[in-house]
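I opened my notebook to look through a structure that was new to me. Here are the entries, in the order in which I made them.

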Amino acid sequence: MGQEEQAGHAESDTKLGAAVAQAQDGDETAFMVVYRIVQPGLLGYLHGLVGQGAEEVASEAWHEIVRDLDQFQGNGAGFRGWSAAIARRRALDHLRRSRRRSSATATATALEPEMAEIPSSHSTCDQVLTSLSTDHVLTLIRGLPRDQADAVLLRVVVGLDGPAAARVLGKRPRAVRATAYQGLRRLARQLAVRQV
């Protein structure tokens with residue numbers, strides 16, 4: 001994430017934290033603010049995980065978020081991570097249900113062992129995302145190995161930092177950053193091949 005993006009997320013997270021606290025006190029208008037801030041990233045994340053079922057999964061996630069809102073403790077960035085973790089659990093449940101319905105066509109993506117490359121001075125994330133539409137990007141991300149797709153979606157689409165994404169995925173921050181970087185590099189290579 002670039003510095004401007006991080007500054008935008010920090011400002012948004014401050015507003016989000018205040019709105020969450022007000023929503024926990026029963027302020028419906030504040031909850032609408034929470035929803036407007038979180039939903040676009042959450043929906044993008046879910047589109048990357050489950051594709052066409054994203055709206056349904058988002059609805060299930062928001063049901064759980066609303067139900068458990070009074071139990072949440074933390075700031076705006078923490079709320080993004082908490083809601084992403086809920087959405088991820090709902091997405092995994094959705095995928096399991098889908099696999100049971102069509103077990104013959106579902107295949108698990110094999111993990112591909114790759115060494116993390118040393119990052120260059122330019123932002124791979126900015127290069128990848130500025131040249132494509134959101135739907136196209138999400139289609140490409142869904143083609144990544146599952147661990148890379150999860151890391152890219154949480155870091156880039158939801159806007160979580162390394163430690164927050166690591167908590168959602170149950171991994172170490174360094175591993176999530178490396179996996180996200182591998183995914184972004186793979187996307188950059190795919191784009192380079194398509195542009196030739």
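## Salt bridges

I began with charged pairs and found that the count comes to eight salt bridges, where a salt bridge is a side-chain nitrogen of Lys or Arg within 4 Å of a carboxyl oxygen of Asp or Glu. Before going on, I noted that this is a predicted model, in which local features need pLDDT of at least 70 and side-chain atom pairs count only at pLDDT 80 or more, while totals for chains, interfaces and linings use all residues. Residues are numbered from 1 along each chain as its sequence is written, and side-chain values use heavy atoms, with hydrogens and water left out.

I looked up Arg80 next. Arg80 forms a salt bridge with Asp13, and their closest N and O atoms are 2.5 Å apart. Arg80 sits in helix H4 and Asp13 in helix H1, so this pair ties together parts that are 67 residues apart in sequence. Helices here are DSSP runs (H or I, at least four residues), as strands are (E, at least two), numbered from the N terminus. I also checked burial: both Arg80 and Asp13 are buried. Buried means under 20% relative accessible area, exposed over 50% and partly exposed in between, with a 1.4 Å probe and protein chains only.

The next pair was Glu64 and Arg89, whose side chains meet in a salt bridge of 3.1 Å, N to O. Glu64 belongs to helix H3 and Arg89 to helix H4, so the pair ties together parts 25 residues apart in sequence. Glu64 counts as buried, at 10% relative accessibility, while Arg89 counts as partly exposed at 40%.

Then I turned to Arg88, which forms a salt bridge with Asp150, the closest N and O atoms being 2.9 Å apart. This pair links distant parts of the chain, with Arg88 in helix H4 and Asp150 in helix H7, 62 residues apart. Arg88 and Asp150 are both buried.

Which residues are linked in a network of salt bridges? I found Glu64, Arg89, Arg90, Asp93 and Arg96.

## The chain overall

I stepped back to the whole chain and found nine helices and zero strands. Of its 196 residues, 44% are buried. I also looked at contacts (heavy atoms within 4.5 Å). Among those between residues at least 6 apart in sequence, 70% join residues at least 24 apart.

## The nonpolar core

The largest nonpolar core has 52 residues, and those with the most contacts inside it include Val34, Val38, Phe79 and Leu154. Such a core is a set of buried Ala, Val, Leu, Ile, Met, Phe, Trp, Tyr and Cys residues joined through side-chain atoms within 4.5 Å. Which helix gives the largest share of this core? I found that H2 does, with 10 residues.

Ser83 is found in helix H4 and counts as buried at 1% relative accessibility.

## H3 against H4

I came back to H3 and H4, which pack at an angle of about 135° with their axes 9 Å apart. Axes are lines fitted to C-alpha atoms, for helices over the stretch in contact, and angles run from 0 to 180 degrees between N-to-C directions. H3 and H4 are therefore oblique to each other; angles under 35 degrees count as roughly parallel, over 145 as roughly antiparallel, 65 to 115 as roughly perpendicular and the rest as oblique.

Ala87 is found in helix H4 and is buried, with a relative accessible area of 0%. Its contacts, apart from neighbours within four places in sequence, are Leu42, Leu46, Val57 and Ala61. The C-alpha atoms of Ala87 and Glu60 are separated by 8.0 Å, though the two are 27 residues apart along the chain.

## Helix H7

Is H7 enclosed or open, I wondered? Of its 13 residues, 11 are buried, so H7 is largely enclosed by the rest of the structure. Among them are Asp147, Gln148, Asp150 and Arg155. Gly159 follows H7, and its phi is positive, near 90°.
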